[in-house]
Protein chains: 2
Amino acid sequence: MIDETHAASASSWVEGAAGHREFPVQNLPYGIFTAPGAPPRAGVAIGDHVLGLGAAADLLDGRARSAAQAVGEEQHLNRLLAEPAESRAALRQGLFRLLSDRSFEKRVRPLLFRQANCQLGLPAKIGDYTDFYAGIHHARAVGALLRPDNPLLPNYKYVPIGYHGRASTVRASGADVVRPRGQVRAGDTPPALSETRRLDLELELGLWVGGAPNDDGPVPISAAASRIAGLSLLNDWSARDVQAWEYQPLGPFLAKNFLTTVSPWIVTTEALAPFRVAPTNREPGDPSPLDYLFDRNDQSLGAYDIRIRATLQTERMRQAGIAPVTLGTTSAMYLYWTPAQLVAHHTVNGCTLVAGDLLGTGTISGPDDASRGSLMELSRGGREPIDLPTGEQRTFLEDGDVVELHGWAEADGFARIGFGPCVGKVVAATR
Amino acid sequence: MIDETHAASASSWVEGAAGHREFPVQNLPYGIFTAPGAPPRAGVAIGDHVLGLGAAADLLDGRARSAAQAVGEEQHLNRLLAEPAESRAALRQGLFRLLSDRSFEKRVRPLLFRQANCQLGLPAKIGDYTDFYAGIHHARAVGALLRPDNPLLPNYKYVPIGYHGRASTVRASGADVVRPRGQVRAGDTPPALSETRRLDLELELGLWVGGAPNDDGPVPISAAASRIAGLSLLNDWSARDVQAWEYQPLGPFLAKNFLTTVSPWIVTTEALAPFRVAPTNREPGDPSPLDYLFDRNDQSLGAYDIRIRATLQTERMRQAGIAPVTLGTTSAMYLYWTPAQLVAHHTVNGCTLVAGDLLGTGTISGPDDASRGSLMELSRGGREPIDLPTGEQRTFLEDGDVVELHGWAEADGFARIGFGPCVGKVVAATR
């Protein structure tokens, strides 16, 4: 629902928040911050500042107040995510009022911290992490490397393909990407334990599950969108050589579970309401979604126009003062399945989704080389290196490389909102 | 280490515990029990009784006392599992003394509950659940159904194949197996949403991770065995028709994550010490394990001789008073990889294992039809029904079927110990 909290004319009294490229008052994403000398706690981003939710609760009323209190003393957002969608919407309304209405300035100002002085942590205690494969251009490009004549498998346009990932190794932006070791096999030689030589990024969105667990059975598609409380950027770091050797027949395992990085702010689905669009990624002749994946509202507004860019800066670029180069700029509109379809599919067998669960979309590549979300695609499976301004080349990531994802949404008549960075630096394998 | 707690001559003063087929004083497995009118709490099984750990702590000393106190008021065993192996061993020693030395009888007896009057819950809050594929006879039999000429993939004898499962749907023995729905495709017809018609069991062991998380990197094979605190039986229910259609290219997902059942008692690795044996399942000409998977102690005593039997009783058998039939009796000796090898492999890329994580071994089939761990194998992929005493036949499970796993270990000179049942009844799909 689009309301006054989305109006382009709205602005916050907090210095620097009006016209902020990421966190104007129209955004209000939640996260876990640690101010100097204080324990980690829940907060909301406004401009370059963060407001503690527990402290703000006293200034709120009704459902907004109880939602803020529920999470006030927690070190994770799970209790807030578990609130019904109506309570989360009420909290947004309440915080919007505190931060836009100047009559609250005197009471709220002392509760603000500069983000630059805070550490940002993992926003939720993740019960289960599922990674989907909903980026059709990625699936097709990677499939073409393996099966040039038949890039997409027969199930792709029927089944939102997904698999379970590892929850304990999901970290907030900034965690070092320690180059993993694993079994790799070159040609017909015996396999050996080796540092990965094909370390890759995967540009994704992370969907944070909210609401009450569906203990009573599947979530119908008509109710599925409301089970996603918000979104973050997600980098599903991958060791391609390990993956190639291990993944048959049960899928990726050690090639993925050493680290997954998420941006620390959860941008709410309420904040993203102006950027909902019709899914456009089906092609003529594609099968209709099966009934349990079909909903009229979802077909008209179930996708998001969120742009995401991946950049790379090597150690040498950093030393030479050369800015990061863009690897690709893409959009969530390239996803074949909507968030609601992913939820409806995930639960159709009775599987319980719990607030704080994380669903990755899969790599969101576009159709051309300007919009790829992985080096696997950009370098054609490692065969065609990409050139960097320093004269360096890359097929896969080298030690010292820094990869950043940036995400934002903008539309005529609305303020631009952003996700904050999702960054990781590759460091040498230990021992 | 084998000590006085394993002596066949040891016995408990608790009525019915001496010579108990599952829980003599030589076993002492941990679980979460709920006595009438009390909250769930940690206990240890002795004969047909259970002793609350929190209450017993006052009668213990030193490390045993602090280990019991750590978990005393918790509703999950995670804190106990997280204790160092030495503390868990001390607790075993202390409990052995309380329950075998008659001088404690007067103080301990009031703390005992009859298991029959208690509910048994999931023993730990599972952070992550990983399922391996270490039963080579299962891998070969299932592979032969798909690829008659090449049943085992080239990576099988090098890589302990595994994948992540769903933690939120692991339940304790007794949970109903609600027949799941999912996308299935018959031949070349378009896929459709349907109740699974190929519901199967998978007979496995579950390994409970213990100790401190390996935040500093891989667990070396020499230290890996000590990261397994104990074992349960595990049934990895599977919908084969859903699996066949969804699993390419990223592995099983909805075909597995609707339910995984574990037996509620964690039988400790200390209790299982007398039943450690050398791994025997490698065949002449098999490659040696890579260095990170090779340890001399593990090669001499890293496997377990644990027998497991799966039984089936249909509704009609139950009504006719016909006892369950055995589907298969197998042994953990048929696993290709030891628990230590699974841990060393899982962490070789830096992946963190946390106390309370659960590792499934994969289906433990033996080499012949008397030792299969799934109906997929017994019925040759559904082509050859098995006959039941009622004249009924089964290829896969029907509504009303009850599947039970029973596990035990016995060896000359030692008391037999058991796992308690791991049971589930198939019920009709809801809605």
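In an unreviewed entry, UniProt places the feature "binding site" at Tyr133(A), Arg147(A), Gln243(A), Tyr247(A) and Thr363(A). The structure described here is a predicted model.

Two of the annotated residues, Tyr133(A) and Gln243(A), are set out below.

| Residue | Location in chain A | Relative accessible area |
|---|---|---|
| Tyr133(A) | loop between strand S6 (129-132) and helix H6 (136-146) | 14% |
| Gln243(A) | helix H8 (residues 240-246) | 14% |

Because buried means under 20% relative accessible area, Tyr133(A), at 14%, counts as buried. Gln243(A) is likewise buried, with a value of 14%.

With residues up to four places away in sequence not counted, Tyr133(A) touches His138(A), Ala139(A), Val142(A), Tyr156(A), Ile161(A), Thr361(A) and Gly362(A), and also Pro249(B) and Leu250(B) of chain B. For Gln243(A), once neighbours within four places in sequence are left aside, the contacts are Ser238(A), Pro252(A), Ala255(A) and Lys256(A).

The two chains are related by symmetry. Chain A superposes on chain B through a rotation of 180° with 0.0 Å of shift along the axis, at an RMSD of 0.0 Å. This is the relation of a two-fold axis. The same surface serves both copies, since 100% of the contact residues of chain A recur in chain B. Among the residues of chain A, Gly251(A) comes closest to the rotation axis, its C-alpha lying at 2.1 Å.

The largest nonpolar core holds 155 residues, of which Leu272(A) and Leu272(B) touch the most other members. Apart from this core lies another, of 44 residues, including Leu53(A), Val108(A), Ala167(A) and Ala229(A). In chain B, Leu272(B) is in contact with Leu231(B), Val267(B), Tyr304(B), Ile306(B), Ala409(B), Ile417(B) and Phe419(B), leaving aside neighbours within four places in sequence.

Chain B also contains an open sheet of five strands, antiparallel in pairing and ordered S4-S3-S2-S1-S5. Strand S4 (112-114) and strand S5 (119-120) of chain B stand at the edges; each has a single partner strand, so one side of each is left without a neighbour in the sheet. Within S5(B), Gln119(B) is the bridge partner of Thr34(B). Helix H4 (residues 85-100) of chain B lies across S1, strand S2 (41-46) and strand S3 (49-52) of chain B, and runs at about 60° to S1(B).

Definitions and conventions. Residues are numbered from 1 along each chain as its sequence is written. Chains are lettered from A and ligands numbered from 1 in the order in which they are written. This is a predicted model: local features need pLDDT of at least 70, side-chain atom pairs count only at pLDDT 80 or more; totals for chains, interfaces and linings use all residues. Side-chain values use heavy atoms; hydrogens and water are left out. UniProt positions are given in the numbering used here, feature names are shortened, and annotations may be inferred rather than shown by experiment. Helices (H or I, at least four residues) and strands (E, at least two) are DSSP runs, numbered from the N terminus. Buried means under 20% relative accessible area, exposed over 50%, partly exposed in between (1.4 Å probe, protein chains only). Contact means heavy atoms within 4.5 Å. A nonpolar core is a set of buried Ala, Val, Leu, Ile, Met, Phe, Trp, Tyr and Cys residues joined through side-chain atoms within 4.5 Å. Copies are superposed by least squares on the C-alpha atoms of residues with pLDDT of at least 70 in both. Two strands pair if DSSP finds at least two bridges between them. Axes are lines fitted to C-alpha atoms, for helices over the stretch in contact, and angles run from 0 to 180 degrees between N-to-C directions.
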